[in-house]
Amino acid sequence: MGSEVESIIQAMGSEVESIQVRLVEVPLAQQYRLAYAVLERKTFVVVKLIARDGTIGWGEAAPLPPLTDESVQTVLDVIRVYLSPVILGQSALDVNRLNSDMDKAIPGHLMAKGALDMALWDLVGHSLNQPIHRLLGGALHHRFPLLWPIGSVSVQETVQTMVEKSKLGFKTFMIKVAPDPLANQVDLKMQIQRIHAIRRQFQFPEFRLNVDANQCLNLGQALRLAEELSKLDVDFLEQPLPRAQDSWALPRLKAACPGLALSADESLRSLDDVAALASAHAYDVFSIKVSKNGGISRARDMMAVAKAHGVAVLANSMVELGLSQAAGLQLAATCPNLVPGGQCFMSTLRMACDITNFSDYIKNGEVEVPGKPGLGVDVLEDRLDELTIHVEQFSC
């Protein structure tokens, strides 16, 4: 009883007194080619909430246009102008109300709101001395196998990467399909040969495979690729078509290849998207990302809708630092309807360095869910200072 009273007393000082926002630029360990970008370095928005009693909460936004509507600059502007006045002076314990107030202040801008939502949950966790997964009702999972994504590279490079990562314990791989940078179109024949070559060497069920096209295919290409994937023990095909074609092209694809599961990523932005696609039985898997989808609170609601409609969830991520990875991991620990195989908590391994110790929880192709308060990770503030290219602070 004494410890509970002490936690309540500590939480009484949880009013947010100051908000610090940083732009942080981090190089990738190696180039990563996607359908919409070739990444060598990335800029993140890192948020630090400081409560009246000195308790700190951290959050992160990882915008990546055109995958996301928001950019680093819009996230910074929206927090400065619209969202910081909503949060300052308010108790972090009122996470639900503060999310509602942010929505009233400005519609959309889920990544900006998500960074603050993460930081609020982290602050609450530290105030109550509990990990976020316990505040959400408790963990169903304490360890996850990891998925390793492979950019759109040659057959030889793909196989070489899979050999290297399998030695580190990775057993689930996401193969990215993207346009050839010279021809500016997808070499579908090469992509199909690539996946066949993978399956000859890395067989199911020991190795799981899924394919992500990031909206880069037309309907004809998607039909051809789906037909081949149906023969190859692939868990799912993610976002083969542009989100604008969900209503008319997606039913044709599903009808032509009923044995292949389809996953939505770019089609899922808001809770309204989840509700509409779940009701239409448009996809079999929802790829939910805490940063892209508006933070822990909104991603939790999306997972609940997916569960209610019998849709599986991939705990996915973008190119992220350890704060977003930790937030997604805390939430995924509570999710009962995750897809079999690896989840996407490998992002810090793709960076040349990180501002947290998240990678300490990764070993042998698995990640352990931290049991420490809040997000469960430590921020390496000296490294954060080194990587910071801009900083702003707002106070009561």
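Modeller: Helices (H or I, at least four residues) and strands (E, at least two) are DSSP runs, numbered from the N terminus. This is a predicted model, where local features need pLDDT of at least 70, side-chain atom pairs count only at pLDDT 80 or more, and totals for chains, interfaces and linings use all residues. Residues are numbered from 1 along each chain as its sequence is written, and side-chain values use heavy atoms, leaving out hydrogens and water.

Now the packing: H4 (residues 110-128) meets H11 (residues 295-308) at about 105°, with the axes 5 Å apart. That makes H4 and H11 roughly perpendicular (65 to 115 degrees; under 35 is roughly parallel, over 145 roughly antiparallel, the rest oblique). In contact (heavy atoms within 4.5 Å) are, among them, Leu-110 and Trp-121 of H4 and Ile-296 and Arg-300 of H11.

On to the loops. Pro-65 and Pro-66 are joined by a cis peptide bond, omega about 0°, and Pro-66 sits in the loop between E3 (56-61) and H2 (72-87). Another cis bond links Phe-204 to Pro-205, with omega about 10°.

Asp-233, not a glycine, has a positive phi near 50°; at 47% relative accessibility it counts as partly exposed. Gln-239 also has a positive phi, about 40°, but at 0% it counts as buried (buried is under 20% relative accessible area, exposed over 50%, partly exposed in between, with a 1.4 Å probe and protein chains only).

Note on methods. Axes are lines fitted to C-alpha atoms, for helices over the stretch in contact, and angles run from 0 to 180 degrees between N-to-C directions.
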